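Subject: Structure handover

Hello,

Here is the structure we talked about handing over.

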Amino acid sequence: MATLGNAAKTKEIIQKYQFTFQKKFGQNFLIDGNILGKIVEAAQITETDCVLEIGPGIGTMTQYLAERAKSVVVVEIDKNLIPILQETLSVYQNVKIINEDILKTDIDRIVREENDGKPIKVVANLPYYITTPIVMSLFENHVALQSITIMVQKEVADRMQAVPGTKDYGALSLAVRYYAKPEIIMKVPASCFMPRPNVDSAVIRLIRYDNPPVEVRDEAWLFSIIRASFNQRRKTLVNGLSNAGNLGIRKEKIAEAVELMGLQPSVRGETLSLEQFAELSNYLFRAEA
Ligand code: SAM
């Protein structure tokens, strides 16, 4: 039975180990058992799953995960938390603790060694300062995974799930939709954490597609086009893309592609769907040649 997941027990552990919270590591520990239960439920963990938890803190969510999963691998950057994790997780034989920076961790190796190369599930209350790099590196490096269920800053969850033409829509929304189906599960108030963060949070689940919903000639090129389209949000798509020196595409070529797609010359990038960006990127692929 999970013993953590409340303020009293969290305080007790922190005092016992004289642990001091490190702001630079985005440490806000969950102290609400109800929310923890809902996250694990949303992640649809079963006894055949291998779970990767990024940033376990004192092991609060890990306890909930370990009770349902076949195995749990936790990657924690803060060495001061390792002795604490060794105590709070000592009763679980199916947990492996790794003291590393997740951005430098060989996750493919974890998948191979801990799950015979079969897709894992990622669950985390993420350190907010590196949410996007963590999610993007999991996707871009094609880590074998079924889903990512994460607590993030509410604004980031909104951006991940945003649709064309809304203020939150941008490069992150498109990148997420290229790889996965996003679904915001619930909002979580600051009072559920110790210490309280200055922002509201939300849990979002990203279910990875077996194949991306669009076909592109070159993935990296698609994302270069997307990024350039949102770099100058207030410009038209044609001007934004022709100003992006790194792409090296002539303005006439971009205008031609926009016309061929049946779009207005004044169209802005923020109104294009993923399908339209894919079509545009295919038109413009090696357009300079
Ligand atoms: N999972 C715990 C919970 O819900 O109570 C802690 C979540 S806290 C928001 C984020 C955790 O990620 C902290 O334990 C922090 O030390 C860890 N962390 C921060 N940066 C990290 C990194 N680059 N690699 C691995 N862990 C990291």
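Predicted model: local features only at pLDDT ≥ 70, side-chain atom pairs only at ≥ 80, totals over all residues.

Start with the ligand. The space it takes is the largest pocket. Around the ligand there are 23 residues, and Leu-30, Gly-55, Glu-76, Asn-125 and Tyr-129 come nearest. By class, this shell has twelve nonpolar, six polar and five charged residues.

- Tyr-129 places a polar side-chain atom 2.9 Å from a nitrogen atom of the ligand.
- Ile-102 has a backbone N or O atom 2.9 Å from a ligand nitrogen atom.
- Gly-57 has a polar backbone atom 3.3 Å from a ligand oxygen atom.

Taken alone, the ligand exposes 590 Å², and the protein buries 99% of that.

Next, helix α6. It spans residues 131-140. Its buried residues include Thr-131, Ile-134, Val-135, Met-136, Leu-138 and Phe-139. His-142 follows α6 and has a positive phi, near 55°.

Two loop residues also have positive phi. Gln-44 is in the loop between α2 and β2, with phi near 50°. Asp-116 is in the loop between α5 and β5, with phi of about 50°.

How exposed are they? Gln-44 has 46% relative accessibility, so it counts as partly exposed. Asp-116 has 65%, so it counts as exposed.

Last, a cis peptide bond. It runs from Met-194 to Pro-195, with omega near -15°. Pro-195 is in the loop between β8 and β9.

Best wishes

Notes
Residues numbered from 1 in each chain as written. Heavy atoms only, no water. Near = heavy atom within 4 Å. Polar contact = N/O pair within 3.5 Å; in protein donor to acceptor, adjacent residues only side chain to side chain. Areas by Shrake-Rupley, 256 points an atom, 1.4 Å probe, with all protein chains shown as cover. 1 Å grid on protein atoms, 1.4 Å probe; cavity = no way out; pocket = protein on both sides within 12 Å on 5 of 7 lines; lining within 4 Å. Sits in = over half its atoms within 2 Å of the grid points. Nonpolar A, V, L, I, M, F, W, Y, C, P; charged D, E, K, R; others polar. Buried < 20%, exposed > 50% of the residue type's maximum accessible area, 1.4 Å probe, protein only. Helix = DSSP H or I, 4+ residues; strand = E, 2+ residues; numbered from the N terminus.
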